Amino acid sequence: MTLLDRPIAAPHAARERTERWWHRATGYQIYPRSFADSNGDGVGDIPGITSRLGHLADLGVGFVWLSPVYASPMVDNGYDISDYRAIAPEFGTMEDMDRLIAEARERGIGIVMDLVVNHSSSLHHWFRAARAARDAPEHDFYVWRDPAPDGGPPDDQQAAFGGPAWSWVEEVGQYYFHYFSPAQPDLNWQNPALRAAIYDMMRWWLDRGIAGFRMDVISLIGKDVDARIYEEGPTLHDHLQEMHREVLSGRDIVTIGESWSVPPATGLLYCGRDRNELDMMFEFSHIRDGWDPERGKFAPKPFDLVSFKRELFAWQDLTRQDGWTSLFLTNHDLPRQVSFYGDDGPNRQQSAKMLATVLHLLKGTPFIYQGEEIGMTNAAFERIDQYRDLETLNHFEAQIASGVPLEAFIAGANRNSRDNSRTPMQWTSGANAGFTSGTPWIEVNPNAASINVEQDMQDPGSIFAHYRRLVRLRRELDIVSFGKTEPLLEGSPSVMAYQRQLGDERLVVLGNFTAQAQDVALPDGVPGMGRALVASHGGRARLDRDLRLEPFESVAVLMAA
Ligand code: ISL
Ligand code: CA
């Protein structure tokens with residue numbers, strides 16, 4: 001990784017002003033609990049990650065987004081932090097962490113830490129002090145309100161993981177607010193002393209040599225609970241600008257904020273030029289699009305490619321003049337992409353490659369979630385006791401109580417539970433997929449016998465080989481990083497198509513999302529002869545006006561004027 005910015009050579013891209021290292025880099029997300037277990041306790045750990053850096057270097061990724069490894073009671077698998085400056089013993093020690101940072105950097109890979117500062121764990125020493133006495137300085141680090149006249153909570157707001165968003169603490173005679181579980185009390189960002197403590201902690205991590213932060217639900221930190229505004233609240237952008245001034249400015253790092261609610265219309269408030277906030281967002285409009293608007297993620301609706309494309313292209317359009325975006329279809333909160341958008345049966349290989357092609361050749365920074373690069377699939381659990389995730393378990397209780405049949409809930413969870421992507425990484429066809437020599441904390445997918453890293457490494461036509469190629473194309477071709485995107489065939493319910501343009505070069509990308517051959521008619525100006533960049537079906541260098549795409553075929557042709 002060159003950590004020095006340099007001017008962009010390509011003429012069109014002068015708009016970007018300066019090139020940053022992450023403009024050409026691909027990110028890789030590690031969910032440490034499920035990646036590699038070095039000591040046989042069934043839980044993935046930091047030495048396990050370090051031992052697998054060769055895999056990441058082979059793939060060619062520029063940085064790792066590491067899901068939380070801090071000290072935590074693990075109510076939400078580390079998204080509940082009890083000490084921001086310590087490592088959870090089950091993941092290793094601070095020495096292990098320093099070694100990971102150093103060894104990754106030697107291979108040109110930066111480590112991006114997960115910053116979870118909308119809330120802490122209820123076991124953080126700040127919260128212990130806060131709940132013990134109203135006059136403790138830490139009391140005001142959290143969001144407290146007096147009871148309503150009837151003694152109940154201030155309002156009827158529900159928490160994201162189920163139940164009321166307010167919990168009572170007898171010692172202080174007040175309720176505290178938690179957007180997520182009661183074990184995750186929200187931090188009070190209105191308090192300057194809290195903000196200063198967070199900035200201090202962030203500088204401490206950056207000084208250890210990390211490459212940036214992925215900021216968990218950052219769009220929540222400007223909330224006004226009294227007005228019941230949570231997402232994108234009134235003080236959000238003031239806080240982010242202050243954080244930039246106090247911590248981020250002048251450092252050669254990458255920052256990615258998570259927001260479940262940002263529409264393209266306000267996307268540039270976070271990452272527009274001269275905003276001095278963040279580099280890019282993880283936004284979820286293309287994901288939420290696949291959920292039932294009323295009944296939520298456990299009642300997914302059939303996939304609609306036309307509206308999915310509309311959401312993705314709206315963000316492409318946004319980055320035409322300014323800003324930047326991330327590119328992803330899955331993460332540790334989402335199902336496996338080949339199961340959700342592709343075909344995890346007979347067309348698994350082709351559909352996994354097709355999804356990678358159409359996503360990675362867009363403008364933005366692509367993220368690969370562990371196991372995606374070998375086409376790992378959903379968990380397919382049959383019983384509720386196989387699930388571990390608190391969101392799934394809490395919703396299970398609530399939905400069964402409200403009369404949803406067991407089979408219907410399990411079917412929804414099989415499609416959309418967060419545990420689908422949390423089963424152990426499949427390294428080999430051996431015992432426990434080579435993830436652990438002990439008993440894994442969550443069951444290994446039985447298909448590890450045929451879907452694993454070892455096997456993909458031996459096959460030049462593997463999904464892994466396809467990803468490695470896409471990662472390299474982004475590093476090498478200006479048009480992939482900086483070309484402008486123009487959607488094609490927008491009304492097609494079965495094919496995603498677009499062209500990228502930079503100077504007099506054009507890159508045409510097509511993907512068939514179905515198991516049937518599709519005949520498409522390319523618009524004027526698109527057909528032509530060029531260089532085949534991906535070879536999902538042997539590779540095409542020539543695009544005729546009338547074209548037949550094979551089931552799940554993807555095509556990328558680079559043409560010069
Ligand atoms: O996936 C989700 C939508 O239903 C939520 O479960 C998700 O938790 C939420 O959108 C925000 O996610 C982030 O913050 C959570 C943590 O549980 C997730 O793992 C994290 O990615 C609370 O810290
Ligand atoms: Ca372990």
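The largest pocket is lined by 34 residues, and those nearest its centre are Ala-160, Tyr-179, Trp-260, Trp-291 and Glu-391. This is a predicted model, where local features need pLDDT of at least 70 and side-chain atom pairs count only at pLDDT 80 or more, while totals for chains, interfaces and linings use all residues. Residues are numbered from 1 along each chain as its sequence is written.

**The pocket**
- A pocket is an open set of points on a 1 Å grid over the protein atoms alone, where a 1.4 Å probe fits, with protein on both sides within 12 Å along at least five of seven lines; lining residues have an atom within 4 Å of a point.
- Strand E14 (291-292), strand E15 (296-300) and helix H12 (390-401) each give two or more residues to the lining.
- Helices (H or I, at least four residues) and strands (E, at least two) are DSSP runs, numbered from the N terminus.
- About 920 Å³ of space lies in the largest pocket.

**The sheet**
- Five strands form an open sheet in the order E18-E19-E20-E26-E23, with antiparallel pairing.
- Strand E18 (484-488) and strand E23 (531-532) stand at the edges with a single partner strand each, so one side of each has no neighbour in the sheet.
- Two strands pair if DSSP finds at least two bridges between them.
- Eight antiparallel bridges pair strand E19 (residues 495-502) with strand E20 (residues 505-512).
- Ala-497 has Leu-510 in E20 as its bridge partner.

**Helices across the sheet**
- Helix H9 (residues 305-318) lies across E18 and E19.
- Helix H11 (residues 348-360) lies across E19, E20 and strand E26 (554-560).

Key. Chains lettered and ligands numbered in written order. Heavy atoms only, no water. Points joined across faces, edges and corners; volume = space filled by probe spheres on them. Contact = heavy atoms within 4.5 Å. Axes fitted to C-alpha atoms, helices over the stretch in contact; angles between N-to-C directions.
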